Amino acid sequence: MPTMGALHEGHLALIKRARKECAIVVVSVFVNPLQFGAHEDLERYPRPFDEDVSTLRKANVDAVFSPTPSEMYPPPALTSVYVSALSKTLEGKTRPTHFKGVTTVVAKLFNIVRPDRAYFGEKDYQQLIVVKRMTRDLNFPVEIACVPTAREKSGLALSSRNAYLNGKERKDAALIYAALSAVRKAYETGVADIKTLQRLMRDVLKKGKTLKLDYIAFVDKRTLGRRKNANGDTRVLIACYAGKTRLIDTMALAEE
Ligand code: AMP
């Protein structure tokens, strides 16, 4: 199970699933420089390593893999893995090198750890789809498992980046889940027009003064292709700033 550390209940949900389904559970803790853009938060990303190790010990994990950047990428590292098309849209628009960093590190982790199964969170939905595609295209003998998003009571999806939020931003950030829930409810009562659903979400998000929307996208849950009208295979993906912190979340419009 690949992680960047600063572990929270979301990571633990993945570990619990893995613990239930697998004989041996290996967790990597590696803040992967390749997946951060030049002006992103690589330096200030939280690294509470000792705390993480004690969390992993309590969670009964068998092994922790935590290489340094130069151990992971002995210079000159010239090879990368890039899933074209799927890495360019949505998150890829604002973060053009992000998924190349993700797929490169995940491919390396698969080769180093040799898992039968790897667990990824639904919250980072595009990442899940990109990793699934890489696994298939490159014939990795690894099954990709998806674990539902763990949330705070307020609905806010747990994320290591939530540590950056102040009180007001944290409160506003809960509106992201409120907006997703409103759209799902509207779909369940028969609204399928994307423009109407988008407007509904924007109206909810407007209540949060510290929020700045990056994108709302209604996509096919397998291809990430944009939809004009919602159906049972549609997912809504959202990226939104709360103050300076960029948060992402997602919801299926129908039970999956
Ligand atoms: P990260 O440490 O942010 O790279 O996340 C490591 C893994 O945990 C990824 O597969 C994430 O999708 C997953 N994850 C992070 N937050 C959550 C959450 N709130 N619920 C479920 N999975 C999560």
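**Figure 1. The largest nonpolar core of the predicted model.** This core has 31 residues, of which V106, F110, F120, M134, I144 and L224 touch the most other members. A nonpolar core is a set of buried Ala, Val, Leu, Ile, Met, Phe, Trp, Tyr and Cys residues joined through side-chain atoms within 4.5 Å; buried means under 20% relative accessible area, exposed over 50%, and partly exposed in between (1.4 Å probe, protein chains only). At least two residues of this core come from each of α5 (98–113), β4, α6 (125–137), β6 (211–220) and β7 (234–242). Helices (H or I, at least four residues) and strands (E, at least two) are DSSP runs, numbered from the N terminus. The largest share, seven residues, is supplied by α5. Another core, of 27 residues, lies apart from this one and includes I194, L197, L253 and A254. The model is predicted: local features need pLDDT of at least 70 and side-chain atom pairs count only at pLDDT 80 or more, whereas totals for chains, interfaces and linings use all residues. Residues are numbered from 1 along each chain as its sequence is written, and side-chain values use heavy atoms, with hydrogens and water left out.

**Figure 2. Surroundings of F110 and F140.** Apart from neighbours within four places in sequence, F110 is in contact (heavy atoms within 4.5 Å) with P115, A118, F120, M134, T135, F140, V142 and I144. F140 belongs to the loop between α6 and β5 (143–147) and counts as buried because its relative accessibility is 16%. With neighbours within four places in sequence again set aside, the contacts of F140 are A107, F110, N111, M134 and T135.

Figure 3. The ligand is surrounded by 16 residues, the closest being M4, H11, D124, A150 and L158; a residue is near a molecule if one of its heavy atoms lies within 4 Å of it. An oxygen atom of the ligand lies 2.9 Å from a polar side-chain atom of H11. Of the 490 Å² of accessible area that the ligand has on its own, the protein covers 93% (Shrake-Rupley method, 1.4 Å probe). Two or more shell residues come from each of β1 (2–3), α1 (9–21) and β4 (117–121), and α1 gives the largest share, three residues.

Figure 4. R184 is placed in helix α7 (residues 167–188) and counts as buried because its relative accessibility is 17%. Leaving aside neighbours within four places in sequence, R184 is in contact with M251, A252, L253, A254 and E255. D41 lies in the loop between β2 (26–29) and α2 (49–58); its relative accessible area is 11%, so D41 is buried. Residues up to four places away in sequence not being counted, D41 touches F36, R161 and Y164.

**Figure 5. Backbone features in loops.** Most residues other than glycine have a negative phi, and most peptide bonds are trans. P75 and P76 are joined by a cis peptide bond, with omega about -5°, and P76 is found in the loop between α3 (69–72) and α4 (91–94). A6, in the loop between β1 and α1, has a positive phi of about 50° and counts as buried at 12% relative accessibility. A85, in the loop between α3 and α4, has a positive phi near 65° and counts as partly exposed at 48% relative accessibility.

Methods: A polar contact is a pair of N or O atoms within 3.5 Å; within protein, one must be able to donate a hydrogen and the other to accept it, and residues adjacent in sequence count only if both atoms are side-chain atoms.
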